[in-house]
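Subject: Handing over the structure

Dear colleague,

I am passing on the structure that we talked about, with the sequence beside it. Please open both first, and then read my notes below with the model in view.

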Amino acid sequence: MSSIFTRIIQREIPSHEVYRDDYVVAFLDIAPLSRGHVLVVPIEEREYLHELSEASARALGSALPRIARAVMGATGATAYNVLQNNGSAAHQAVPHVHFHIIPKPAAGAGGGSGLGIHWQPTQLNAHDAATLADGIRAGCVGADS
Ligand code: AMP
């Protein structure tokens with residue numbers, strides 16, 4: 001399962017790379033929602049977040065705050081979203097795990113308005129909540145890959 005991101009990671013396709021370590025590469029998004037929109041990508045080829053190895057997961061956890069700090073510093077933005085889509089139904093276009101870091105510019109700053117969110121909350125189902133939490137809790141135990 002190779003995608004365009006593997007070719008970017010291997011530098012077969014040019015990108016504006018901003019970060020690289022043994023597990024993670026980050027580069028500017030080619031169609032940014034705002035100035036400084038960056039993609040943070042594990043070198044490991046996996047389509048979904050839950051398929052990642054523990055080593056990639058740890059490296060991403062370490063790299064994301066570092067890169068977010070750098071994006072905020074370089075753009076002057078003081079707010080941002082981190083977005084990570086899994087599956088085409090959830091808006092994932094490139095089937096290789098990636099995190100978007102998307103600065104939220106000040107109103108009128110130009111260069112895009114950042115991420116728009118259509119958030120329609122429902123109510124937690126009181127009958128289902130305990131069963132649901134039990135199921136997820138059980139799945140978390142010993143779930144390291
Ligand atoms: P997603 O919908 O979460 O899969 O987002 C995929 C992202 O990859 C989009 O924001 C695209 O603009 C970005 N993208 C696709 N091709 C490239 C490329 N060659 N260089 C940089 N970003 C890209």
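Let me begin with a term: a salt bridge here is a side-chain nitrogen of Lys or Arg within 4 Å of a carboxyl oxygen of Asp or Glu. In general, side chains of opposite charge can pair when their charged atoms come close.

Before going further, please keep in mind that this is a predicted model, in which local features need pLDDT of at least 70 and side-chain atom pairs count only at pLDDT 80 or more, while totals for chains, interfaces and linings use all residues. Residues are numbered from 1 along each chain as its sequence is written, and side-chain values use heavy atoms, with hydrogens and water left out.

**The chain as a whole**

The protein chain has 3 helices and 5 strands, where helices (H or I, at least four residues) and strands (E, at least two) are DSSP runs numbered from the N terminus. Read from the N terminus on, these elements follow the order α-β-β-β-α-β-β-α. The C-alpha trace spans about 50 × 35 × 25 Å along its principal axes. Of the 145 residues, 32% count as buried; buried means under 20% relative accessible area, exposed means over 50%, and partly exposed lies in between, with a 1.4 Å probe and protein chains only.

**Salt bridges**

The structure holds 6 salt bridges, and I describe some of them here. The side chains of arginine 20 and glutamate 17 meet in one, at 3.0 Å from N to O; arginine 20 is partly exposed at 32% relative accessible area, and glutamate 17 is partly exposed at 29%. These two residues belong to a network of salt bridges that links Arg11, Glu17 and Arg20.

Most residues other than glycine have a negative phi. Arginine 11 sits in the loop between H1 and strand E1 (17-20), and it is exposed, with a relative accessible area of 56%.

Another salt bridge joins the side chains of arginine 46 and glutamate 44, at 3.6 Å from N to O. Here arginine 46 is partly exposed at 33% relative accessible area, whereas glutamate 44 counts as buried at 18%.

Glutamate 54 and arginine 58 also meet through their side chains in a salt bridge, at 3.6 Å from N to O. Both lie in helix H2 (residues 54-75), 4 residues apart, which is about one turn of the helix. Glutamate 54 is partly exposed at 27%, while arginine 58 counts as exposed at 59%.

**A loop residue with positive phi**

Histidine 91 has a positive phi of about 80 degrees, although it is not a glycine. Histidine 91 is found in the loop between strand E4 (80-83) and strand E5 (99-103), where it is exposed, with a relative accessible area of 67%.

**The largest pocket**

A pocket, on a 1 Å grid over the protein atoms alone, is an open set of points where a 1.4 Å probe fits, with protein on both sides within 12 Å along at least five of seven lines, and its lining residues have an atom within 4 Å of a point. The largest pocket has a volume of about 610 Å³, a volume being the space filled by probe spheres set on the points, which are joined across faces, edges and corners. Of the 25 residues that line it, the closest to its centre are Asp29, Ala31, His37, Leu39 and His100.

With best wishes
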